[in-house]
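Please find below a short note on the packing in this model.

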Amino acid sequence: MTHVEDDTTVVLLKVEEAARRLRIGRTTCFALIRTGELESVLVGGLRRIPVDALAAYVARLRSTQHAA
């Protein structure tokens, strides 16, 4: 059985899946979404994170921390 983390065709992640990939807690992930730091979309009533939003978030963190 293939896990979501192994499936390269997945384009949207559940908040819990995104948090696991970022190695942060679910609550922290929701806080990042709430502040707009981590992009998310609504599909019906479900909150989802585009896979490429994770890389964009990390890239912003890196550029901010390198500039400091």
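1. The largest nonpolar core comprises 14 residues; such a core is a set of buried Ala, Val, Leu, Ile, Met, Phe, Trp, Tyr and Cys residues joined through side-chain atoms within 4.5 Å, where buried means under 20% relative accessible area with a 1.4 Å probe, protein chains only. Ala18, Cys29, Ile33, Leu38, Ile49 and Leu54 have the most contacts inside this core. Its largest share, four residues, comes from helix 1.

2. The model is predicted: local features need pLDDT of at least 70, side-chain atom pairs count only at pLDDT 80 or more, and totals for chains, interfaces and linings use all residues. Residues are numbered from 1 along each chain as its sequence is written, and side-chain values use heavy atoms, with hydrogens and water left out.

3. Cysteine 29 touches Val15, Ala18, Ala19, Ile24 and Leu38, leaving aside residues up to four places away in sequence; contact means heavy atoms within 4.5 Å.

4. In helix 1 (residues 15–22), a DSSP run of H or I with at least four residues, the buried residues are Val15, Glu17, Ala18, Ala19 and Leu22. They pack against strand 1 (12–14), helix 2 (26–35), strand 3 (46–50) and helix 3; strands are E runs of at least two residues.

5. The axes of helix 1 and helix 3 (residues 51–67), lines fitted to C-alpha atoms over the stretch in contact, come within 11 Å and cross at roughly 40°.

6. Ala18, Arg21 and Leu22 of helix 1 meet Val51, Leu54, Tyr57 and Val58 of helix 3.

How values were computed:
Axes are lines fitted to C-alpha atoms, for helices over the stretch in contact, and angles run from 0 to 180 degrees between N-to-C directions. Buried means under 20% relative accessible area, exposed over 50%, partly exposed in between (1.4 Å probe, protein chains only).
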